[in-house]
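Here is a short report on one protein model. Keep the sequence and the structure in view as you read.

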Amino acid sequence: MQLRRVLWVISFVVMATGFAGFGETGQVDAQQEGIKAETLKKEAAMSQMMNKAGYLSSEAIPDSAVLLPEPPAEGSGAMAYDEEISRKNLVLRDTPRWIQAAKDADIKFPEVFEGF
């Protein structure tokens, strides 16, 4: 079901951007505004669908905290390695790559589709 939605959004975006070169400038602007309005309507409808209960009951949704291992022990080699990787990544703060990673981590609708 999720894959079908993603494919629908991709095909809609491809179709919508294909219309950009037709007609006079005024017609193109009107078409683009119409496409934007239609896209907003469809995004709102999809958002409502996705906010409804999914295929798992609330009790069946896995607790991701249980799936993660315990953090490394203080003073261990694993902790030193973890801190080294953290320092290397923090150098990227506020760079375009950092900002893109933050966007990629946002998996709420409709933001999740911005990568397409």
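Start with how the chain touches itself. Among contacts (heavy atoms within 4.5 Å) between residues at least 6 apart in sequence, 49% join residues at least 24 apart.

This is a predicted model, in which local features need pLDDT of at least 70, side-chain atom pairs count only at pLDDT 80 or more, and totals for chains, interfaces and linings use all residues. Residues are numbered from 1 along each chain as its sequence is written, and side-chain values use heavy atoms, with hydrogens and water left out.

**Overall build**

The protein chain has 5 helices and 0 strands. Helices (H or I, at least four residues) and strands (E, at least two) are DSSP runs, numbered from the N terminus. Along the sequence the pattern reads α-α-α-α-α. Of the 116 residues, 9% are buried. Buried means under 20% relative accessible area, exposed over 50%, and partly exposed in between (1.4 Å probe, protein chains only). The accessible surface comes to about 9700 Å², and 61% of it belongs to carbon and sulfur atoms. These areas come from the Shrake-Rupley method with a 1.4 Å probe; for residues, only the protein chains shown count as cover.

**Confidence**

pLDDT is the predictor's confidence in each residue, from 0 to 100. Its mean over the protein chain is 75, and 65% of the residues reach 70 or more. Confidence is lowest in helix H1 (residues 2–18), at a mean of 55, and highest in H4, at 94. Over residues 19–24 the pLDDT is below 50, and this stretch has 7 contacts in the model beyond near neighbours in sequence.

A salt bridge is a side-chain nitrogen of Lys or Arg within 4 Å of a carboxyl oxygen of Asp or Glu. By this rule the count comes to 1. The partners are Glu 84 and Lys 88, at 3.1 Å from N to O. They are 4 residues apart in helix H4, so about one helical turn separates them.

**Three loops**

Ile 61 sits in the loop between helix H2 (25–51) and helix H3 (64–67). With Tyr 55 and Leu 56, Ile 61 forms a nonpolar surface patch of about 370 Å² accessible area together. Such patches are made of residues with over 30% relative accessible area and no salt bridge: like charges are joined within 9 Å, nonpolar side chains (Val, Leu, Ile, Met, Phe, Trp, Tyr) within 5 Å.

Pro 72 lies in the loop between H3 and helix H4 (77–90). Leaving aside neighbours within four places in sequence, Pro 72 contacts Ala 78, Met 79 and Asp 82. Pro 72 and Asp 82 are 10 residues apart in sequence, and their C-alpha atoms are 8.1 Å apart in space.

Asp 94 belongs to the loop between H4 and helix H5 (96–105). What is the phi of Asp 94? It is positive, about 65 degrees, although Asp 94 is not a glycine. Most residues other than glycine have a negative phi.

| Residue | Relative accessible area | Class |
|---|---|---|
| Pro 72 | 29% | partly exposed |
| Glu 84 | 33% | partly exposed |
| Lys 88 | 52% | exposed |
| Asp 94 | 63% | exposed |
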